[in-house]
Amino acid sequence: MNLLNLLDKMCPDTNSPEEKELFFSRRDAFRKFGDMSKKVAMAAVPLGILSSLPKVAKADTASLIGVLNFALTLEHLEYRYYQMGIESGVIAGADAAIFNKIRDHELAHVNFLTEVITNVLNGTAVAEPEFDFTAGGNFMPFSDYPTFLALSQAFEDTGVRAYKGQAGNVMENDVVLTAALSIHSVEARHASMVRRLRTKKGQDTVKGWITNDSRGSLPAPTQAIYDGEQNVMHGGVNIVNLTGIDAGAVSEGWDEPLSKDQVLGIASLFLA
């Protein structure tokens, strides 16, 4: 089955004055980037980023399976979290339709990655772990909707950075790289949707993107999800100095990768 048939795009409308203001302010920022010289854009930024990514040899199927099983574990976590949330009845009103859609996306990701690992790479797909979404009784996401939304944001923001962190490890396989990038963009849409839902519910003044390393009103144990996002250096270029855009706005224009160890450290809070 074509992967694109599995993935249903989620893109919230941007008709409100606030969202239009954010859109046009970011458009102005990108207009400044358009004024950069072609040499800087081509030589410094893309090549600098690509050279920093780890690679695996084409024949190293075992490593590729390991990367995909890592991604599969995260997809298991997200799917199970949303499934349990839906079953619990904690999701309020019209938001249920949103989380049903996100749950379906995560299940499609689980099924797809399992198929690639087992039938394309002839490997063994990791079984779904047992999860404790209360993190030892510290959270009650299935009886308190604000907590459910907060953890949803934490999981989605982690997923976006986790996929980016593994891009270099699947670069030698065009099919897997294309699939991973397709999943990555949908996880980013999920993250933006959940962050906007939290603002709409008055839980936080979060934007659809991350500013510096701010976790907003999320609990302290989630800080590792946002550490490093304040970076303004890309391809050896200080973007603040280059464009005159303030550091907070520059940080919003890039998501930083998380390593496998960093992601597993975050996920371990919820593994039973």
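Student: Which residues in α6 meet which residues in α7?

Tutor: Bear in mind that this is a predicted model. On the α6 side you'll find Leu-149, Ala-150, Ser-152, Gln-153, Glu-156, Asp-157, Val-160, Tyr-163 and Lys-164. They meet Ala-180, Ile-183, His-184, Glu-187, Ala-188, His-190, Ala-191, Val-194, Arg-195, Leu-197 and Arg-198 in α7. Sorted by class, the contact of α6 with α7 has 10 nonpolar, four polar and six charged residues.

Student: How do I read the spacing in those lists?

Tutor: An α-helix has 3.6 residues a turn, so residues three or four places apart point the same way.

Student: At what angle do α6 and α7 pack, and how far apart are their axes?

Tutor: The general idea first: two packed helices are described by the angle between their axes and the distance between the axes. Here, α6 and α7 pack at about 155°, and their axes are 8 Å apart. Angles over 145 degrees count as roughly antiparallel, so α6 is roughly antiparallel to α7. Their crossing is left-handed.

Student: What happens at the two ends of α7?

Tutor: At its start, a side-chain oxygen of Asn-173 comes within 3.0 Å of the backbone nitrogen of Val-176. Just after α7, Gly-202 has a positive phi of about 75°.

Student: What span should the 27 residues of α7 have, and how far apart are its end C-alpha atoms?

Tutor: α7 covers residues 174-200, and at 1.5 Å a residue it should span 39 Å. Its end C-alpha atoms are 39 Å apart, so the two agree. Just after α4 comes Gly-89, with a positive phi of about 80°.

Student: How does α4 cross α6?

Tutor: The axes of α4 (residues 61-88) and α6 (residues 145-165) come within 11 Å and cross at roughly 160°. That makes α4 roughly antiparallel to α6. The crossing is left-handed. Residues making the contact include Phe-70, Leu-74, Leu-77 and Tyr-81 of α4, and Phe-148, Leu-151 and Phe-155 of α6. By class, this contact has 11 nonpolar, three polar and three charged residues.

Student: And where does α10 come in?

Tutor: α10 (residues 260-267) packs with α4 at an angle of about 25°, with the axes 12 Å apart. That makes α4 roughly parallel to α10, and their crossing is left-handed. Gly-66, Phe-70, Leu-74 and Leu-77 in α4 meet Lys-260, Val-263, Leu-264 and Ala-267 in α10. That contact has six nonpolar, one polar and one charged residues.

Terms used: Residues are numbered from 1 along each chain as its sequence is written. This is a predicted model: local features need pLDDT of at least 70, side-chain atom pairs count only at pLDDT 80 or more; totals for chains, interfaces and linings use all residues. Side-chain values use heavy atoms; hydrogens and water are left out. Axes are lines fitted to C-alpha atoms, for helices over the stretch in contact, and angles run from 0 to 180 degrees between N-to-C directions. Helices (H or I, at least four residues) and strands (E, at least two) are DSSP runs, numbered from the N terminus. Angles under 35 degrees count as roughly parallel, over 145 as roughly antiparallel, 65 to 115 as roughly perpendicular and the rest as oblique. A crossing is left-handed if the near helix is turned anticlockwise from the far one by less than a right angle, and right-handed if clockwise. Contact means heavy atoms within 4.5 Å. Ala, Val, Leu, Ile, Met, Phe, Trp, Tyr, Cys and Pro count as nonpolar, Asp, Glu, Lys and Arg as charged, and the others, Gly among them, as polar. The expected span of a helix is 1.5 Å times one less than its number of residues. A polar contact is a pair of N or O atoms within 3.5 Å; within protein, one must be able to donate a hydrogen and the other to accept it, and residues adjacent in sequence count only if both atoms are side-chain atoms.
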